[in-house]
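Subject: Handover of a structure for your review

Dear colleague,

Please find below the structure that I am handing over to you.

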Amino acid sequence: MINPRPNLSGLQAPSLEKYGFRLTLTGRNEGNLALHIPCDTSQVIQARQRVLERLGLSLANIAIAQQVHSARVALIGPSHAGAGGMQASSAIPNVDGLITSSGGPTLMAFSADCPLIAIVHPETGSRALLHSGRLGTLHEISIQAVLHLQKITLGNPESFHAIIGPGICRDCYPLGQDTAQEFIDSRWSNHLHQTRSDPPKLDLRACIRNQLQFVGIPDNKIEMLGPCTSCRNDLFFSYRADGPQTGRFAAILQSL
Ligand SMILES: [Zn+2]
């Protein structure tokens, strides 16, 4: 189910609203929203403010991870509200995923091609937002996040819901031999597709789905939201399709 929001060019996940959460993905029209890449800081802050205002939020409500292509997650609380909002240096350091319980801040993450993943536990209002690129996926950030969520909620992963946001598709994601080898040597090698003539291609979103299933989330509670960012770089920023100077779109996971 895709439900475009009237004033934003991205997507929302209506399936989470009945559980008390709102996940919003911004699109290309909202501009670059990340400060961890070369950018005009004041322009990015203004763009963030415009998006957050439409969702009834402000920069003081949100928390942002540094995003270093790791599989590390941090457990955060109300005192972390505002982290990374005004400058990259105040983001929660050295992690690619944030987890919080019901009173915690709204979570915000950025991407151009890497899937952003929301995992929620409706009973307790706990939630996680992850950036799962090639390395984060190889090192299983989704599994780490579910294990942490399990610890803080004492909930069974069968009661979690996950949304895998827009991300690069297999046809758009050929890997070099070295990076392909890392997946060949991992337990996720079945998500690397190789023909005799083409370079190996990675199905990142299928791999993430498989990881979420592996750690106990039922398949009918895992949703793929939105298209390939590279095929649809008219709608989303794509590192592969646009080049390294491209912007980043955002995912915003708020409690309603
Ligand atoms: Zn594609």
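**Overall form**

Please bear in mind that this is a predicted model. The protein chain contains six helices and 13 strands. Its radius of gyration is 17 Å, close to the 18 Å that the globule rule gives for 256 residues, so the chain is as compact as a globular protein of that length. The C-alpha trace spans about 50 × 45 × 35 Å along its principal axes. Of the 256 residues, 51% are buried. Among the contacts with a separation of 6 or more, 66% are between residues 24 or more positions apart.

**Strand β13 and its partners**

Strand β13 covers residues 249-255, and six of its seven residues are buried, so this strand is largely enclosed by the rest of the structure. Two strands that pair with β13 can be described. Strand β2 (residues 21-25) runs antiparallel to β13 and is joined to it by five bridges; within this pairing, Leu23 has Leu253 as its bridge partner. Strand β6 (residues 106-111) is likewise antiparallel to β13, again with five bridges, and here Met108 is the bridge partner of Ile252.

Strand β8 (residues 126-131) is mostly covered, with six of its six residues buried. Which residues lie on each face of β8? Ser126, Ala128 and Leu130 are on one side, while Arg127, Leu129 and His131 are on the other, and all of them are buried.

Strand β5 (residues 97-100) pairs with β8 in the antiparallel sense over four bridges, and Leu98 has Leu129 as its bridge partner in β8. Strand β7 is also antiparallel to β8, joined by six bridges. In that pairing, Ala118 has Leu129 as its bridge partner. The strands β7 and β8 form a hairpin with four residues between them, and Gly125 in the turn takes a positive phi of about 75°.

**The nonpolar core**

The largest nonpolar core has 73 residues. Those with the most contacts inside it are Leu98, Ala118, Ile119, Leu129, Ala162 and Ala251. For Ala118, leaving aside residues up to four places away in sequence, the residues touched are Leu23, Arg127, Leu129, Ala162, Ile163, Ala251 and Leu253. Of these, Leu253 is the residue of β13 that is bridged to Leu23.

Helix α5 spans residues 204-214, and its buried residues are Leu204, Arg205, Cys207, Ile208, Arg209, Gln211 and Leu212. Both helices and strands take part in covering these residues: the elements include β7 (116-121), α2 (134-138), α3 (141-153), β9 (161-164), β11 (201-202) and β12 (222-224). Just after α5, Gly216 has a positive phi of about 115°.

Helix α1 (residues 41-54) contains Ile45. Is Ile45 buried or partly exposed? Ile45 has 17 C-beta neighbours inside 10 Å, and therefore counts as partly exposed. Ile45 and Met86 are 41 residues apart in sequence, yet their C-alpha atoms are 6.6 Å apart in space.

Yours sincerely

Terms used: Residues numbered from 1 in each chain as written. Predicted model: local features only at pLDDT ≥ 70, side-chain atom pairs only at ≥ 80, totals over all residues. Rg over C-alpha atoms; globule rule 2.2 N^0.38 Å. Buried ≥ 20, exposed ≤ 12 C-beta atoms within 10 Å, placed from the backbone. Contact = placed C-beta atoms within 7 Å. Pairing = 2+ DSSP bridges. Core = buried A, V, L, I, M, F, W, Y, C linked by C-beta atoms within 7 Å.
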